[in-house]
Amino acid sequence: MNPCPVADEGDPAKRLTKTILSNSFLALLFVFAACSDRADQKPAPSPGIDSTVLKAREKKRNDSLTALNRKKKKIYLTFDDGPNKGTRNVLEVIKTEQVAASFFVVGQHTLDTRQQKETWEMLKADAGIELCNHSYSHARNRYTSFYESPEGVINDFNQSKKLLGFTNNVARMPGRNAWRIDSIDHTDIMESKAAIDSLHASGYAIMGWDIEWTFNHKTLAPDADTALLLRRIYNMLEANKTKTPGHLVLLAHDQAYQQAEYVENLRYVIKQLKNNPEYELLLTSKYPGVR
Ligand SMILES: [Zn+2]
């Protein structure tokens, strides 16, 4: 076969050379086409490597990644008392930095003003954060009398649950650092014990905190020493002084982040935690013993 006859085809020697060249060209084309075909398909496993060997290699790689993550210390960022004037700033930092964070919301605060209603809608619309129950009334800041009535406490939390439709059962007591989860039973002020027990028995996982980022209640300025806060976090985890070793719950308050300077302090702390390869930031529903 000679696909491209030319003027010198009368010379048998030249014709033979031409035929060989043409056939070689066709063979090359065939190989090229076969390769192109293969490039369009998923690569078939090499016949030399058993698929079980490949699977074993993949499992080994996944196992070592899991082991690496398991070694990381877990930090749970929690923000209380919103929606209020600081909530949108906190949300902006969380979204920009793309970190996990849980907002413990007060039911009444989602209704107080139009701005707070809109902020609640913004919180709800954000799929990356977690929304948890911090009561409906926040005890109206009268904690002693609030905790005298276990039934009243349950009704108050249920009112928020019904209003806001939380998708998890994680709750935090107003004005009390109390814990009721599978692995921890802790009460800071014993007069509140019966009410907190009852709330837990009604189905809530109650989460306190390990470190609070304190703020001045008059000026609303958060504690400015961010280096000290980061050192406290590091030391507490290293010394295994958290409620669960290797896990630290940080409490902050939305209302402390209303001014640009304080928002930048929050951003700085979050960046430091996020960029530390020994830490992993998680939602509170992932805390061991919460279910
Ligand atoms: Zn609170």
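**Handedness, burial and backbone exceptions**

Author: β2, α4 and β3 make a right-handed β-α-β unit. The model is predicted: local features need pLDDT of at least 70, side-chain atom pairs count only at pLDDT 80 or more, and totals for chains, interfaces and linings use all residues. Residues are numbered from 1 along each chain as its sequence is written.

Reader: Why is this unit called right-handed?

Author: With the strands pointing away from the viewer, the path from the first strand over the helix to the second must run clockwise. Here the path leads from β2 over α4 to β3, and the unit is right-handed. Helices (H or I, at least four residues) and strands (E, at least two) are DSSP runs, numbered from the N terminus. The chain has nine helices and 10 strands.

Reader: How do you know that β2 and β3 pair?

Author: Pairing takes at least two DSSP bridges between two strands. β2 (residues 102-105) and β3 share four, in the parallel sense. S102 stands opposite E130 in β3.

Reader: What makes both faces of β3 covered?

Author: E130 and C132 on one side are buried, and so are L131 and N133 on the other. Buried means 20 or more other C-beta atoms within 10 Å of a residue's own (12 or fewer is exposed, in between is partly exposed; C-beta atoms are placed from the backbone). In the chain of 291 residues, 31% are buried.

Reader: Why is β9 called largely enclosed?

Author: Six of its seven residues (247-253) are buried, so the rest of the structure largely encloses β9. β9 also has strand partners. With β1 it pairs in the parallel sense over seven bridges, and H253 is the bridge partner of D80. From β8 the chain crosses through helix α8 (residues 226-238) to β9, in a right-handed β-α-β crossover.

Reader: Which residues of α3 are buried, and what covers them?

Author: In α3 (residues 87-97) they are T87, R88, N89, V90, L91, V93 and I94. Their cover includes β1 (73-82), α4 (114-125) and α9 (260-275).

Reader: Why is α6 called oblique to α7?

Author: The axes of α6 (residues 150-164) and α7 (residues 193-201) cross at roughly 45° and come within 8 Å. That angle makes α6 oblique to α7. Under 35 degrees would be roughly parallel, over 145 roughly antiparallel and 65 to 115 roughly perpendicular, with the rest oblique. Axes are lines fitted to C-alpha atoms, for helices over the stretch in contact, and angles run from 0 to 180 degrees between N-to-C directions.

Reader: What makes S135 and N240 stand out in phi, and is each buried or exposed?

Author: Most residues other than glycine have a negative phi. S135, in the loop between β3 and α5 (143-146), has a positive phi near 80°. N240, in the loop between α8 and β9, has a positive phi of about 55°. S135 has 26 other C-beta atoms within 10 Å, so it is buried. N240 has 9, so it is exposed.

How values were computed. Contact = placed C-beta atoms within 7 Å.
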